[in-house]
Amino acid sequence: MPKVTPQYMEARRAQILDAARRCFLRDGFHSTSMQDLFAESGLSAGAVYRHFASKEEMITAIAEENMREVVTMVHSVATDRSSSSVGAMMADVFEMVKTKTVEQNVAGLAVLAWSESLRNPALARQFNDLLARMRADLAEVVREHQDSGTFPREATAEAIAATLMCALPGYLLQLAIGGAKDVEGVPEALRALWPDAAAS
């Protein structure tokens with residue numbers, strides 16, 4: 001019997017999750033059956049169960065992966081663009097989210113995952129941990145701007161970061177429901193609201 005490599009196993013897992021994403025976006029988490037997932041993936045029940053014991057495990061895996069991807073985007077932009085304006089940094093994140101939504105419907109999956117976290121305490125805890133990391137990254141950027149005098153000190157860096165984060169779910173929700181036309185011009189508006197110090 002040929003040896004099963006880690007690469008093969010990872011490819012099969014990705015194949016299952018890609019099929020699950022399509023099913024969940026089409027029919028919702030709870031209207032999708034395991035039989036639907038077997039058919040969509042083109043794999044046998046045994047092959048699917050080898051990677052995931054239940055549909056709930058797939059939901060959690062997709063939700064965590066989706067949220068982690070957004071956190072990684074924020075971290076990448078915050079690290080690479082900490083010297084630029086907060087508006088430019090947020091605009092970059094929003095543009096990346098829009099691109100990922102075109103490719104993988106990140107926005108639609110995010111909305112589904114948020115609703116699932118209301119009934120899944122373990123998923124909610126994962127989200128809280130990931131959101132804390134995102135707030136910390138943004139707070140560091142805000143703190144640098146406060147130190148340079150380009151951002152107000154009347155509120156803490158943490159509070160400002162939490163406030164900035166409130167914009168992202170609204171952007172994702174509009175993308176998920178109305179599509180790109182509903183958020184057209186938002187990145188440009190962010191850059192205008194919080195311009196570089198040299199431009200203000």
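We'll take the whole chain, then zoom in on some ring pairs.

Before you click: this is a predicted model, where local features need pLDDT of at least 70, side-chain atom pairs count only at pLDDT 80 or more, and totals for chains, interfaces and linings use all residues. Residues are numbered from 1 along each chain as its sequence is written, and side-chain values use heavy atoms, with hydrogens and water left out.

Start with a cartoon of the protein chain. You'll see nine helices and zero strands (DSSP runs: helices are H or I, at least four residues; strands are E, at least two; numbering starts at the N terminus). The C-alpha trace spans about 65 × 35 × 30 Å along its principal axes. Of the 200 residues, 40% are buried (under 20% relative accessible area; exposed is over 50%, partly exposed in between; 1.4 Å probe, protein chains only).

Now show the aromatic side chains. How many aromatic pairs does a search of the whole structure find? Three (rings of Phe, Tyr and Trp, its six-membered ring, with centres within 6.5 Å; planes under 30 degrees apart are stacked, over 60 edge-to-face, the rest tilted).

Select Phe38 and Tyr49: the ring centres are 5.7 Å apart and the planes sit at 75°, so this pair is edge-to-face. Phe38 belongs to helix H2 (residues 34–41) and Tyr49 to helix H3 (residues 45–49). Phe38 is buried at 9% relative accessible area, while Tyr49 is partly exposed at 40%.

Next, pick Phe94 and Tyr171. Here the centres are 4.3 Å apart with planes at 25°, so the rings are stacked. This pair joins helix H5 (residues 86–104) to helix H8 (residues 157–178), 77 residues apart. Phe94 is buried at 2%, and Tyr171 is buried at 2%.
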